[in-house]
Amino acid sequence: MKVHRPRGRAGHIAVLGAASLALVMGSTPFATAKKAPEVLAKQSVPVAADRSVDIKQSAPGAAFEAQWDQFQRSVAAKRGTTGKAPMFENSDLVVRFSAITGSPRLVYGDLGEAPVASKTGDRAVLWMQQNEHVFGFRTGDLEFARSFERPSKPAHYFYDQKFEGLPVFYAEVGIHIGPDGHVWGVNNSYVPVSVRSIQPSVTAEAAYESALGTIGVTSASQLVTEFPSERTLGIWPTADGGRLAWKV
């Protein structure tokens with residue numbers, strides 16, 4: 001997307017980066033859509049508390065303390081039968097927890113062998129189903145997105161979170177399985193969603209105009225679109241169940 005400055009001023013072109021701005025929906029149907037773009041712009045960027053999707057912490061949340069402790073103990077017990085020392089100095093696993101949910105956000109180490117299946121991708125799904133209570137996701141909410149597989153190399157499977165058919169922005173689960181069939185890594189940005197409605201009270205075009213206002217562009221006539229502008233309805237993940245939002 002390029003912004004053309006009026007002739008006679010600087011005469012140059014400012015190139016805008018690919019920014020994703022989520023517009024938080026109001027609760028009154030269609031009311032917000034009637035507001036002026038400059039008013040919408042003030043509502044378009046979530047406050048800091050709503051933007052902690054990737055902030056991590058070193059301790060599990062209260063809802064995951066018991067499950068994680070039991071999981072760690074089971075990993076250590078299996079390693080103990082081999083006589084090997086912990087992989088990471090005094091720890092079998094490296095882990096960081098989600099600041100939103102308190103669940104394991106990133107985990108590295110030998111997380112155990114995935115259940116046997118004819119395809120490695122199926123093994124990943126079965127492993128997720130076995131460990132939903134530890135990681136806080138629901139496998140039924142996850143949709144296969146992409147995979148990276150090579151002979152005799154680790155395989156990587158990624159699943160996008162959906163809510164009633166809508167994407168949950170930036171929410172995914174990645175399972176990383178070694179050639180030995182053991183899961184060696186998990187990234188997990190799944191968040192529980194409990195929005196009241198998936199019917200937006202702001203149109204896609206109003207959200208787009210609001211995003212333009214936020215970055216200081218007041219008229220769409222100033223724009224030359226080199227690529228189709230994305231307008232995707234989905235869920236912006238937050239600690240209290242998410243927000244229905246447009247990604248533009």
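View 1. Phe97 has a relative accessibility of 1%, so Phe97 counts as buried (under 20% relative accessible area, with exposed over 50% and partly exposed in between; 1.4 Å probe, protein chains only). Trp68 is buried too, at 4%. This is a predicted model, in which local features need pLDDT of at least 70 and side-chain atom pairs count only at pLDDT 80 or more, while totals for chains, interfaces and linings use all residues. Residues are numbered from 1 along each chain as its sequence is written, and side-chain values use heavy atoms, with hydrogens and water left out.

View 2. Rings of Phe, Tyr and Trp (its six-membered ring) pair if their centres lie within 6.5 Å; planes under 30 degrees apart count as stacked, over 60 as edge-to-face and the rest as tilted. By this rule there are 9 aromatic pairs. The ring centres of Trp68 and Phe97 are 5.7 Å apart with planes at 90°, so this pair is edge-to-face. Trp68 sits in helix α2 and Phe97 in strand β5 (residues 93-98), so the pair ties together parts 29 residues apart in sequence. Helices (H or I, at least four residues) and strands (E, at least two) are DSSP runs, numbered from the N terminus. Trp68 and Phe97 also belong to one aromatic cluster, together with Phe71, Trp127, Phe135 and Phe137.

**View 3. Phe144 meets Tyr159.** Here Tyr159 is buried, with a relative accessible area of 5%, whereas Phe144 is partly exposed at 46%. Their ring centres are 5.9 Å apart and their planes stand at 70°, so this pair is edge-to-face. Phe144 belongs to strand β7 and Tyr159 to strand β8, so the pair ties together parts that are 15 residues apart in sequence.

**View 4. The buried face of helix α3.** In α3 (residues 120-130), the buried residues include Gly121, Arg123, Ala124, Trp127 and Met128. Seen down the helix axis, the buried residues of α3 fall within an arc of 155° (taken from the directions from the axis to the C-beta atoms), so they line one face. They pack against α2 (65-80), α4 (132-135), β7 (142-148), β8 (155-163), β9 (166-177) and β10 (183-188), where contact means heavy atoms within 4.5 Å.

**View 5. The largest pocket.** A pocket is an open set of points on a 1 Å grid over the protein atoms alone, with protein on both sides within 12 Å along at least five of seven lines; lining residues have an atom within 4 Å of a point. The largest pocket holds about 550 Å³ of space. Its lining has 25 residues, and Val75, Lys78, Asp110, Leu111 and Gly112 lie nearest the centre. Two or more lining residues come from each of α2, α3 and α4, and α2 gives the most, with 7.

View 6. Most residues other than glycine have a negative phi. Ser152 has a positive phi near 60° and is found in the loop between β7 and β8; this residue is exposed, at 68%. Glu164, in the loop between β8 and β9, has a positive phi of about 50° and is exposed at 57%. Helix α5 (residues 204-214) has Tyr208 and Leu212 among its buried residues, and is followed by Gly216, whose positive phi is near 90°.

Methods:
On a 1 Å grid over the protein atoms alone, a cavity is a set of points where a 1.4 Å probe fits but cannot get out, and a pocket is an open set with protein on both sides within 12 Å along at least five of seven lines; lining residues have an atom within 4 Å of a point. Grid points are joined across faces, edges and corners, and a volume is the space filled by probe spheres set on the points.
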